[in-house]
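This report walks through one protein model. Look over the sequence and the fold before reading on.

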Amino acid sequence: MKRTAHCGQLRAGDVGQEVILNGWVNRRRDHGGLIFIDMRDRSGIVQIVFDPPTSEEAHAIATEVRPEFVMAVHGTVQRRPQGTENPDLPTGDVEVIAGEAEVLNPAETPPFSFVDETETDELVRLKYRYIDLRSPRMQRNLRLRHQAAQATRGFLTQEGFWEVETPILFKPTPEGARDYLVPSRVSPGNFYALPQSPQILKQLLMVSGVEKYFQLARCLRDEDLRADRQPEHTQIDIEMSFVEQDDIFRLTERLFAHIFKETINVDLPIPFPRMTYAEAMRRYGTDKPDIRFAMELTDLTDIAEGCEFEIFRRTVAQGGQVKGIKAEGCGDYSRSQIDQLTEFAKVHKAQGLVSMAVTESEIKSPMAKFFTEEELGQIADRYQAKAGDLVLMVADKPEIVAESLDWLRREMGHRLGLIDENEFAPLWVTEFPLFAWDEGEKRWDAEHHPFCMPHPDDFELFQTDPGEVRAQAYDVVLNGVELGSGSIRIHRRDIQQQVFDVLGIDPEEAERRFGFLLRAFEYGTPPHGGIAPGFDRLVMMLCGENNIREVMAFPKTQRAQDLMSGAPSPADPDALRELHIKLDLPPSE
RNA sequence: GGGGCUGUAGCUCAGUCGGUUUAGAGUGCCGGCCUGUCAAGCCGGAGGUCGCGGGUUCAAGUCCCGUCAGCCCCGCCA
């Protein structure tokens, strides 16, 4: 019985139609005489009625089927009897009266059900992912992912981009993460690296005159996992020639707006607001602020400097900062609530948390006695604090003040319900630092990668203060999630050399690691730049999920295992021999 | 590598201060009844290595130690 219609698409207008449906048994309700089966295919669910007078044979088959059996039904669409319509179902006005039925394939009793409301442990879902993916939630996520991919391809094609595939077997790229290595059989002892991104390759494509390149590129990194990090992920890799930062911003904004419109029918406001890295750190303590709510960090260092409170004064004297946030209406927090917030701040590296509750008449604080009336008034003024507000302050090194207050701000934002879950608030964060100091290794590292173009005003800082050199590098942030990074690249050899000098990469090392790229740059390289939005994270936001695994068909666990297949698994000894690989494993047990 | 949470029936969970018979509930599964349900209903039944190993104790699902797995976070990583 070959399918002529789809379950979820039948409507009142189809009444009288003879249809053949193929699908799975979602649920079965056996009334002895009458049997109802909710039949499911990718399009949705429709109720099938098995009535003995209509077909004794079909009814007999319906008696035998069980959840997740695959079946075919031949029947007629009819309007449901008055009063039995199901308003919760798009197909709820109609049902199919079965004249003929066939079991295409029986099914074992499923290990879990997605039909009821209970949420199944992810361990079980991942082990039986092929069943999990049948659920409405996962089907919607896969569909949205597909639509987002199509919207991306459609938009960029319209804009004149070419999709170019770059190799998966390549050479270590300078992204800083650990590489996945693949041994070469024909070249014993040599290894390919799986690309952490097509960064170098897309720059080479600019040298090649492609001018506008994109790729839904798989990127691989052998690092530990998180809710938003998998060993392999997909990015919308984009590179353009003869462009400036603004060109990439405009393109990305229109791309995002297009994707949001095409997938979830949301109008993203463009252009996106912009904020420098320095400003983001100052106002929010993070380079990826969630600007759906305010609660900005307020600097009190100047007040703290002269106060009697030893911890504040000493911290400032040692080059630290005192900053804080205002939690509106939390002035009545109990001692234990404050203690709990203090613990929270300590988990995020702060030494402690100083609180001040504003009342009609005074400012209450465990530390109040160390401050003059005037100082307390200044603090309250700076926050424009009203009676009933709570001010939370951290004194420490700038990095720690930023990090702990960022966590605290997001925590309080959630608690106080300041975040509109239906809002999308994109943001450009610009002028990232070019270099970051590695305290452990006592050297400068590339903050992004070593091919980012420095800010034109900052060249004189290369010798004097590399940490202050800004890059023409930017992130696109959405609701506090970093969705993508990009930069204008260096296309001139002399500038590249200046960057290598700071990074301590001598000509010999440069030649060994990316000589092929530097050589390419000598043969006529256009100015170019690009961006790489993370596709999984983008889809995650479209789906309203807060975990990247929910938008990937077959994700891995935190230990980078695939619970369904058991990968990774030991290699066949013959295969290892052929690769000239001997294992040297740590002793077990 | 480190911190936190979790692990009891296929699934979701309860199990008090260490002690009441055979470790419970809902759901699912199996069987029976049932012609308008849509989480169908009613009756009956099966189903357990309390993650695993060790220890304390007269007695351990419960306490202690170790270990494994999943999740969240730090480190790491755009």
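Helices (H or I, at least four residues) and strands (E, at least two) are DSSP runs, numbered from the N terminus. The model is a predicted one. With that numbering, alanine 560 sits in the loop between helix 16 and helix 17. Its phi is near 60 degrees, a positive value in a residue other than glycine. Alanine 560 counts as partly exposed, because its relative accessibility is 21% and buried means under 20%.

Eight strands form an open sheet in the order 6-9-10-22-21-20-17-11, with mixed pairing. Its edges are strand 6 (162–163) and strand 11 (274–276), each of which pairs on one side only. Helix 7 (residues 277–284) packs on the sheet and touches strand 11 and strand 17 (426–430). The direction of helix 7 makes about 85 degrees with that of strand 11.

Strands of a sheet pair through backbone hydrogen bonds, either parallel or antiparallel.

| Strands | Sense | Bridges | One facing pair |
|---|---|---|---|
| Strand 6 and strand 9 (residues 212–220) | parallel | two | Glutamate 163 and phenylalanine 214 |
| Strand 20 (residues 473–478) and strand 21 | antiparallel | six | Aspartate 475 and serine 485 |
| Strand 21 and strand 22 (residues 528–533) | antiparallel | five | Serine 485 and alanine 532 |

How enclosed is strand 21? Seven of the eight residues of strand 21 (residues 481–488) are buried, so the strand is largely enclosed by the rest of the structure. Strand 20 and strand 21 form a hairpin with two residues between the strands. In this hairpin, asparagine 479 takes a positive phi near 50 degrees.

**Helix 16 and what follows**

Helix 16 (residues 535–543) has nine of its nine residues buried, so it is largely enclosed by the rest of the structure. Among the buried residues are Phe535, Asp536 and Arg537. Glycine 544 follows helix 16, with a positive phi near 70 degrees. Further on, the peptide bond from alanine 567 to proline 568 is cis, with omega near 0 degrees. Proline 568 is placed in the loop between helix 16 and helix 17 (573–578). Alanine 560 is found in the loop between these helices as well.

**Around helix 6**

Another cis peptide bond runs from isoleucine 270 to proline 271, with omega near 0 degrees. Proline 271 lies in the loop between helix 6 (245–264) and strand 11. The loop between strand 10 (232–241) and helix 6 holds phenylalanine 242. This phenylalanine has a positive phi of about 55 degrees, although it is not a glycine. Is phenylalanine 242 buried or exposed? Phenylalanine 242 counts as exposed, at 56% relative accessibility.

**The second largest pocket**

The second largest pocket has a volume of about 1,100 Å³. Its lining has 38 residues. Arg134, Ser135, Pro136, Arg137 and Gln139 lie nearest the centre. Which element gives the most to the lining? Helix 4 does, with eight residues. Helix 4 (136–158), strand 1 (18–30), strand 2 (35–41) and strand 3 (44–50) each supply at least two lining residues. By type, the lining divides into eleven nonpolar, 14 polar and 13 charged residues.

Notes. Residues numbered from 1 in each chain as written. Chains lettered and ligands numbered in written order. Predicted model: local features only at pLDDT ≥ 70, side-chain atom pairs only at ≥ 80, totals over all residues. Heavy atoms only, no water. Pairing = 2+ DSSP bridges. Contact = heavy atoms within 4.5 Å. Axes fitted to C-alpha atoms, helices over the stretch in contact; angles between N-to-C directions. 1 Å grid on protein atoms, 1.4 Å probe; cavity = no way out; pocket = protein on both sides within 12 Å on 5 of 7 lines; lining within 4 Å. Points joined across faces, edges and corners; volume = space filled by probe spheres on them. Nonpolar A, V, L, I, M, F, W, Y, C, P; charged D, E, K, R; others polar. Buried < 20%, exposed > 50% of the residue type's maximum accessible area, 1.4 Å probe, protein only.
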